[in-house]
Amino acid sequence: FRNAVLAPLSLIIPPLRKIVIERYSGLVINPAFRRRPAEGEARRNWLWQGQPSRWARGKLHGYQMKLDISGWSNRATYFLERFYDLPTQYVLMAVLRPGDLFVDIGANEGMMSLLAASRVGPHGRVIAFEPNPVVAGRLRRNVRQNGFADRVRVIQAGLSDQAAHALLYIGTNSTAATLTAGGAQWAKGTDVRLMRLDDVLDLGD
């Protein structure tokens, strides 16, 4: 109802738009929480809110990715059929070899992890860190969809200089998040685990 009726109507009825943004545009646990109007990039993304996720096949590695296109970077990936950061992908394609270890910090939905998995092969490893629980779930799905469970390990955590917990503030589109609060585009924080990379590698994981 929100996506099919309220969101389209709110584009032409400003008072309704205020209610939709405040009460119905976030993962709200506290009924008293009211989101402020979106600013900057989040405001420009408004028309894309509520769009269904789309499958795309990356033309640099040939694997499938299911993308939340409410954020600009995933929209670019969907329409370009590759992650928008082309130079970084060319570097990975040039330096990664079969059997290598690749660590993806802030792996999001797996654009870089899938590319790395295709380069390191079945005897290599990819460790993908993603603290956002919703996005980590999509990352695991993309890994399974492409048969990479044998070489990609998804760890639902962020990285820090010490093991701890912190609040992760998730944006109006779920692929954007920050550990620093501020701005109307960030929803109420959710508790996430922080790990030290050295501890993970020392464990042989």
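User: Hi! Before we look at packing, what does contact mean here?
Analyst: Hello! Contact means heavy atoms within 4.5 Å. Keep in mind that this is a predicted model.

User: Thanks. What do the buried residues of α5 pack against?
Analyst: They pack against β3 (101–105) and α6 (111–120).

User: And which residues of α5 are the buried ones?
Analyst: Helix α5 covers residues 86–95, and its buried residues are L86, Q89 and L92. They lie on the same side of α5, because they cover an arc of only 120° around the axis.

User: What about the face turned away from that buried side?
Analyst: That face of α5 carries P87 and V95, which are exposed.

User: Let's switch to α7. How many residues does it have?
Analyst: Helix α7 has 13 residues, 133–145. From its first C-alpha to its last it reaches 18 Å, close to the 18 Å expected at 1.5 Å a residue.

User: Which residues are buried in α7?
Analyst: Those are V135, A136, R138, L139, N142 and V143. Their arc around the axis is only 160°, which puts them on the same side of α7.

User: So what covers them?
Analyst: The cover for the buried residues of α7 includes the strands β1 (54–57), β2 (64–67), β4 (125–129) and β5 (152–155), along with helix α6.

User: What happens at the start of α7?
Analyst: There, a side-chain oxygen of N132 comes to within 3.1 Å of the backbone nitrogen of V134.

User: And which residue with a positive phi follows α7?
Analyst: That's G147, with a phi near 70°.

Technical notes. Residues are numbered from 1 along each chain as its sequence is written. This is a predicted model: local features need pLDDT of at least 70, side-chain atom pairs count only at pLDDT 80 or more; totals for chains, interfaces and linings use all residues. Side-chain values use heavy atoms; hydrogens and water are left out. Buried means under 20% relative accessible area, exposed over 50%, partly exposed in between (1.4 Å probe, protein chains only). Helices (H or I, at least four residues) and strands (E, at least two) are DSSP runs, numbered from the N terminus. The arc is that of the directions from the helix axis to the C-beta atoms. The expected span of a helix is 1.5 Å times one less than its number of residues. A polar contact is a pair of N or O atoms within 3.5 Å; within protein, one must be able to donate a hydrogen and the other to accept it, and residues adjacent in sequence count only if both atoms are side-chain atoms.
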